[in-house]
Amino acid sequence: MAAFDLALARVREGYDDCLVPERINQLARCQNIPFRNTTLTPGNTLRLFVQQVAHGNISCMAMRHLAGEEFSDSAWCQARRRLPLELIQQVHRSIVEAVRRELDR
């Protein structure tokens with residue numbers, strides 16, 4: 001249980017190696033997912049979305065504070081809606097693999 005708590009704390013703080021925005025953006029490029037280079041790229045959006053859930057599904061308004069960025073609630077919701085399921089699944093698989101490797105140590 002302590003390993004899970006440690007992993008959750010790392011996700012909450014944004015220190016999980018699987019949630020590096022540029023890595024996620026690269027996966028999006030490899031999947032030919034078009035996106036603009038703005039604050040809410042697929043990488044930033046997915047990392048922040050995971051943090052939102054890890055913090056107990058905090059409000060959209062609280063996400064601006066957590067992210068330390070300026071964006072509207074509407075922009076946040078639209079960015080999450082644009083995340084392709086395939087990208088989310090691929091990042092999920094990499095997180096599960098990383099956690100399994102860590103637990104095996």
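So, cysteine 30 counts as exposed, because its relative accessibility is 58%; the cut-offs are over 50% for exposed, under 20% for buried and partly exposed in between, with a 1.4 Å probe and protein chains only. Cysteine 77 is partly exposed, at 24% relative accessibility. Is cysteine 77 in a disulfide, or in no disulfide? In none: the nearest cysteine sulfur belongs to cysteine 60 and sits 3.8 Å away, while a disulfide here needs a pair of cysteine sulfur atoms within 2.5 Å. The structure as a whole holds zero disulfides.

Quick housekeeping. This is a predicted model, with local features needing pLDDT of at least 70 and side-chain atom pairs counting only at pLDDT 80 or more, while totals for chains, interfaces and linings use all residues. Residues are numbered from 1 along each chain as its sequence is written, and side-chain values use heavy atoms, with hydrogens and water left out.

Now the overall layout. We have six helices and zero strands, where helices are DSSP runs of H or I with at least four residues, strands are E runs of at least two, and numbering starts at the N terminus. Of the 105 residues in the chain, 31% are buried. Take contacts, meaning heavy atoms within 4.5 Å: among those with a separation of 6 or more, 56% join residues 24 or more positions apart. The accessible surface is about 6900 Å², and carbon and sulfur atoms own 54% of that; that's Shrake-Rupley with a 1.4 Å probe, and for residues only the protein chains shown count as cover.

On to H6. This helix has 20 residues and spans 28 Å from first C-alpha to last, close to the 28 Å expected at 1.5 Å a residue, the expected span being 1.5 Å times one less than the number of residues. Which residues of H6 are buried? Leu87, Val91, Ile95 and Ala98. Seen down the axis, the buried residues of H6 fall within an arc of 65°, so they line one face; the arc is taken from the directions between helix axis and C-beta atoms. As a reminder, an α-helix has 3.6 residues a turn, so residues three or four places apart point the same way. Turned away from that buried side of H6 are the exposed residues Leu85, His92, Arg100, Leu103 and Asp104. The cover over the buried residues of H6 includes helix H2 (21-30) and helix H3 (42-54).

Serine 94 is also in H6, which runs over residues 85-104, and is partly exposed at 26% relative accessible area. Serine 94 and leucine 19 are 75 residues apart in sequence but 9.3 Å apart in space, C-alpha to C-alpha.

Leucine 19 brings us to the largest nonpolar core, which has nine residues, including Leu19, Ile24, Leu46 and Val91. By nonpolar core I mean buried Ala, Val, Leu, Ile, Met, Phe, Trp, Tyr and Cys residues joined through side-chain atoms within 4.5 Å. H6 gives the largest share of this core, three residues.

Last, the backbone angles. Asparagine 32 has phi near 55°, a positive value in a residue other than glycine. Asparagine 32 sits in the loop between H2 and H3 and is exposed, at 68%. Asparagine 57 has phi near 60°, again positive in a non-glycine residue; its loop runs between H3 and helix H4 (60-67).
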